[in-house]
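I record what I looked up, entry by entry.

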Amino acid sequence: MKSGASREPNTTEVLPQHKFDYRLLDAYLHQHLPGFGTEPETKLTVAQYRSGQSNPTFYLQKGFRAYVLRKKPPGLLLPKAHKIDREFEVQKALFSIGFPVPKPLLYCSDPSVIGTEFYVMEHVQGRIFHDFTIPGVSPAERSAIYVAVIETLAQLHSLNIQSLQLEGYGRGVGYCKRQVSTWTKQYQAAAHQDIPAMNQLSDWLMKNLPDNDNEENLIHGDFKLDNIVFHPKESRVVAVLDWELSTIGHPLSDLAYLSMFYFWPRTASLGNQSYHLQENIGIPSMEELISIYCRCRGINSNLPNWNFFLALSYFKMAGITQGIYNRYLLGNNASENNFQYANAVQPLAETGLRLSKSTALPQTDTARQLFVQTRTGQEVLIRVKQFMKQHILPVEKEVIEFCIQNENSVDKWKKPLVIDKLKEMAKAEGLWNLFLPAISGLTQVDYALIAEETGKCFFAPDIFNCQAPDTGNMEVLHLYGSEKQKQEWLEPLLQGSIASCFCMTEPDVASSDATNIECSIQRDGDSYIINGRKWWSSGAGNPKCKIAIVMGRINNKSELRHKQHSMILVPINTPGVEIIRPLTVFGYLDNLHGGHFEIHFNQVRVPATNLILGEGRGFEIAQGRLGPGRIHHCMRTIGLAERALQIMCERANQRVAFKKKLYSHEVIAHWIAESRIAIEEIRLLTLKTALSIDTLGSAGTKKEIAMIKVAAPRAVCKIIDRAIQVCGGAGISQDYPLANMYALARTLRIADGPDEVHLSAVAKMELRDQAQSLRAKL
Ligand SMILES: Cc1cc2nc3c(=O)[nH]c(=O)nc-3n(C[C@H](O)[C@H](O)[C@H](O)COP(=O)(O)OP(=O)(O)OC[C@H]3O[C@@H](n4cnc5c(N)ncnc54)[C@H](O)[C@@H]3O)c2cc1C
């Protein structure tokens, strides 16, 4: 191989058994392929791709032009195999409708040119990943690549056969049966030793054919990562290659075939790829991949016969592997290393057999089917999950230790350095300000599932700049702030360069009825003067806390109780702002989040332009602030509950008391079951609420917001309490995050308004709704 051709990756010199006369090919292409050979003095160079195992594939270079040629292999061939005219036909049909395939240019049936039939297509520039772990890219890019792959597959399966004019391309219903019998025959023809697992698998497949063996979609037949060309820089599919096994058949066969790497046996090594599926590297889980596929195709993600299709894929892969080894023995092969294939057949067959009996199939997550996330939402969720697993959960213990040790130090409000480091990383990855739809582009349903994930660790929301009270305050400024206020305070909050607090609750009045608030905000020329005592101002101890939103009574003489209050921006360093003391939560300072403070405002003067929205409009703002904010807490508590249940189950499985594992004591088994039931219930109500905010807005979702605000923390408190009980003494110690979780969940029954206030509101709305429906019936 010389010059240009040698630069193409994954190619080698043409193998001796595949050599042909390049001059004849050059002359033929010069005559039949428009644009080829405009520079006749330029030599045609040819290299062979290592990966064209079945139909030898060649890289052609003529001057500046690059092509790819695929041909039938030489020698005696199975009658229905190596149909390269079909490959050409399907690529032509797909190219014509804009599906990403290399442009097919020319088909030649004349064996006198290079010894067999062949076709030529355009060479597509891009990246091909031969290792499914895609080394050398970031986890975020890896996720995006996998999402692009699965979307492309769903796109293929959504195509209309008639529009493609490929009606006769397949052989009608019964694809699965034909597959089992074809691969059984092909395997038997190539087998060099007896592998009982192959025979058992073949029998099992034939006896367990799906009832719906009549799906007729265009399928690829060999849809895997190394048959896909990606854009050189973007995570986008630019071409799907190798259509040899394409036909009309059951689409789940492609999906299962693509999913094989999730179960790949370590002993089945083919080439230099890594076959160890590491966690935390950005590869979506099989369930996630399936859910994206189903969303794109608009089908239910409860896939029938999934174990059949996984088993079939392994059977087919074992058959292909046996065929490659057989061709190696016959000296008719594209790679020198194909002797390795001999040892892979048995583990592949055994894996197929195991999966045929597997019950560990994708779970039907009804909630996720009913409440569909957008594409961005799914992508962000995958990346947040990875980030949690890879970066946040591993340092959780370290952060808890830091908080405990730091509680009595002078630097008690400082966060451990790892928090800032993680925040920078999350920001750099674009996992930032996810709570704000205007910035993140996420719906509330999208965010619900993401917040659930971040809720699994008590400091994770902060890492993604999604921590209350900053989130609520940013929403206030975003919705109601003037341009100047946004520039001065919203921008740095969104950047994460400052933090904020919210001062409404007062020690002297029952603040669950916010019309009681007494702090005064008095106009004085171009300023307002604030006087009052506040407490439970969360986050005020954070060294970055620079701004407070203060709610107070304004002297506007309104008769209406809900028109007498305003909200105003008060920089923390304004003279007269006196930070009195931190309040403890169950005896702890909550120092990681800047604590909860009593703050006094003594003759605090701020410019009149600091008033938000206008005089007497405080309750209007409070409603806007607390709608999504309240449900965000609920979303996160579901994550807490999932984590607590996980801990509960692990511990119940580890420890033995009175000669039985803990979970064998019926009371504990019931706690586990009740916890799962409760989680499913509150998740459904949370998602229903999120969907309602997306469609009707916060104002139209008041009842659901109030209901879930009560239901979620109550249920989660119970679940964490059970988990603590199952863990015994360890459950309340620093060795588990449960004590911290409990404190958090318990306070949510008071913070943002106590349960009783929300229950009264739900009852009022229910009575109103009942009355309305009664009137409608009359
Ligand atoms: C961890 C934490 C963080 C907080 N963060 C903030 C913050 O950042 N900013 C802020 O301004 N506030 C914050 N709060 C304060 C919180 O919003 C208030 O504590 C809450 O609104 C209740 O007000 P209160 O404490 O004055 O209780 P009260 O109004 O005195 O109520 C006490 C109890 O009376 C009962 N009650 C009240 N109304 C009714 C009713 N209609 N029917 C039956 N019973 C009723 C309830 O049992 C209630 O718990 C925080 C609180 C906690 C615990």
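**Entry 1. The whole chain.** I looked up burial and found that buried residues make up 56% of the 778 residues in the protein chain. Buried means under 20% relative accessible area, exposed means over 50%, and partly exposed lies in between, with a 1.4 Å probe and protein chains only. I note that this is a predicted model, in which local features need pLDDT of at least 70 and side-chain atom pairs count only at pLDDT 80 or more, while totals for chains, interfaces and linings use all residues. Residues are numbered from 1 along each chain as its sequence is written, and side-chain values use heavy atoms, with hydrogens and water left out.

I then looked up the secondary structure, which comes to 25 helices and 20 strands. Helices (H or I, at least four residues) and strands (E, at least two) are DSSP runs, numbered from the N terminus. The C-alpha trace spans about 100 × 70 × 70 Å along its principal axes. Of the contacts in the chain with a separation of 6 or more, 75% are between residues 24 or more positions apart; contact means heavy atoms within 4.5 Å. The chain exposes about 34,100 Å², and carbon and sulfur atoms supply 52% of this area. Accessible areas come from the Shrake-Rupley method with a 1.4 Å probe, and for residues only the protein chains shown count as cover.

**Entry 2. The nonpolar cores.** I found that the largest nonpolar core has 86 residues, and that Leu94, Leu205, Leu218 and Leu255 have the most contacts inside it. Helix H9 (residues 306–329) gives the largest share of this core, 13 residues. A nonpolar core is a set of buried Ala, Val, Leu, Ile, Met, Phe, Trp, Tyr and Cys residues joined through side-chain atoms within 4.5 Å. I checked Leu205: beyond four places in sequence, Leu205 touches Val180, Phe308, Ala311, Leu312 and Phe315. A second, separate core of 62 residues includes Phe459, Ile463, Phe464 and Ile547.

**Entry 3. Tyr169.** Is Tyr169 buried or exposed? Tyr169 has a relative accessible area of 4% and is therefore buried. Tyr169 is found in the loop between helix H4 (139–157) and helix H5 (175–190). Leu218 is 49 residues away along the chain, yet the two C-alpha atoms are separated by 8.6 Å. Not counting residues up to four places away in sequence, I found Tyr169 touching several residues, including Arg86, Leu218, Trp243 and Ser246. The side chains of Tyr169 and Ser246 are joined by a polar contact of 2.6 Å. A polar contact is a pair of N or O atoms within 3.5 Å; within protein, one must be able to donate a hydrogen and the other to accept it, and residues adjacent in sequence count only if both atoms are side-chain atoms.

Entry 4. UniProt, in an unreviewed entry, lists residues 382–496 as "domain: Acyl-CoA dehydrogenase/oxidase N-terminal". UniProt positions are given in the numbering used here, feature names are shortened, and annotations may be inferred rather than shown by experiment. Over residues 382–496 the chain is 67% helix and 0% strand. In helix H16 (residues 444–454), 11 of its 11 residues are buried.

Asp462 is in helix H17 (residues 460–463), and Asp462 is buried, with a relative accessible area of 5%. The side chain of Asp462 makes a polar contact of 2.7 Å with that of Lys415. I also looked up the peptide bond from Ala468 to Pro469, which is cis, with omega near 5°. Pro469 is found in the loop between H17 and helix H18 (470–480).

**Entry 5. The ligand.** How many residues surround the ligand? I found 19, of which the closest are Phe502, Thr505, Ser512, Trp536 and Ser538. A residue is near a molecule or strand if one of its heavy atoms lies within 4 Å of it. Strand S11 (499–503), strand S13 (527–538) and helix H25 (755–777) each supply at least two residues of the shell. A polar backbone atom of Met504 is 2.9 Å from an oxygen atom of the ligand. A polar side-chain atom of Ser538 lies 2.8 Å from a nitrogen atom of the ligand. An N or O atom in the side chain of Glu756 is 3.1 Å from an oxygen atom of the ligand. On its own the ligand has 980 Å² of accessible area, and the protein covers 68% of it.
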